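Let's take a quick tour of what sits inside a protein chain. Have a look at the sequence and the 3D view, then read on.

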Amino acid sequence: MKAIKADPNVSRVAIVEKWQAFAQRGKGPRGVRQDAFGIIDILALDRIKGVRGIQSTGTDFSGHMNAILGEKREASMDWLTTPGTTFELWGWRKLKNGRYEPRIRVFSLNDFLHDLPEGF
């Protein structure tokens, strides 16, 4: 959160990912993390870029990127086709000095425009 708050163009930041303690997936244990619209963990109001939707992950950057471009494609496109929004994936890695560094991928609508169904 510090990294996004450090941006002078960002006026507000909110964590929108929620823990649903009583939700159950199949026969496994209860509890599931639920992202806003199925894709967003953090919202940031940016005076230049608009409303930034951010998916944040640890070391599974490529797994999250594949999910965004695959199974989360429709939700991602809905977000990006809404005026004034951007969508980013932030992956975090720990450096030798103990600090964390983000790897950031900013998605555009062009990332999703291959193999669209008719009428989209």
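Here's a short briefing on the nonpolar cores and the salt bridges. Keep in mind that this is a predicted model. In soluble globular proteins, nonpolar side chains tend to be buried together.

**Nonpolar cores**

- The largest nonpolar core has 14 residues, and I40, F87 and F107 are the ones that touch the most other members.
- Three elements, α2 (61-69), α3 (73-80) and β6 (85-94), each bring at least two residues to this core.

**Salt bridges around R52**

- R52 and D7 join their side chains in a salt bridge, at 3.3 Å from N to O.
- R52 belongs to strand β5 (residues 50-57) and D7 to the loop between α1 (2-5) and β1 (10-15), so this pair ties together parts that are 45 residues apart in sequence.
- R52 also meets D46 in a salt bridge, at 3.0 Å from N to O.
- R52 is buried, with a relative accessible area of 4%, and D46 counts as buried too, at 7%.

**Salt bridges elsewhere**

- E101 pairs up with R93 in a salt bridge, with the closest N and O atoms 2.6 Å apart.
- E101 counts as partly exposed, at 31% relative accessibility.
- The count of salt bridges comes to 5.

Technical notes: Residues are numbered from 1 along each chain as its sequence is written. This is a predicted model: local features need pLDDT of at least 70, side-chain atom pairs count only at pLDDT 80 or more; totals for chains, interfaces and linings use all residues. Side-chain values use heavy atoms; hydrogens and water are left out. A nonpolar core is a set of buried Ala, Val, Leu, Ile, Met, Phe, Trp, Tyr and Cys residues joined through side-chain atoms within 4.5 Å. Buried means under 20% relative accessible area, exposed over 50%, partly exposed in between (1.4 Å probe, protein chains only). Helices (H or I, at least four residues) and strands (E, at least two) are DSSP runs, numbered from the N terminus. A salt bridge is a side-chain nitrogen of Lys or Arg within 4 Å of a carboxyl oxygen of Asp or Glu.
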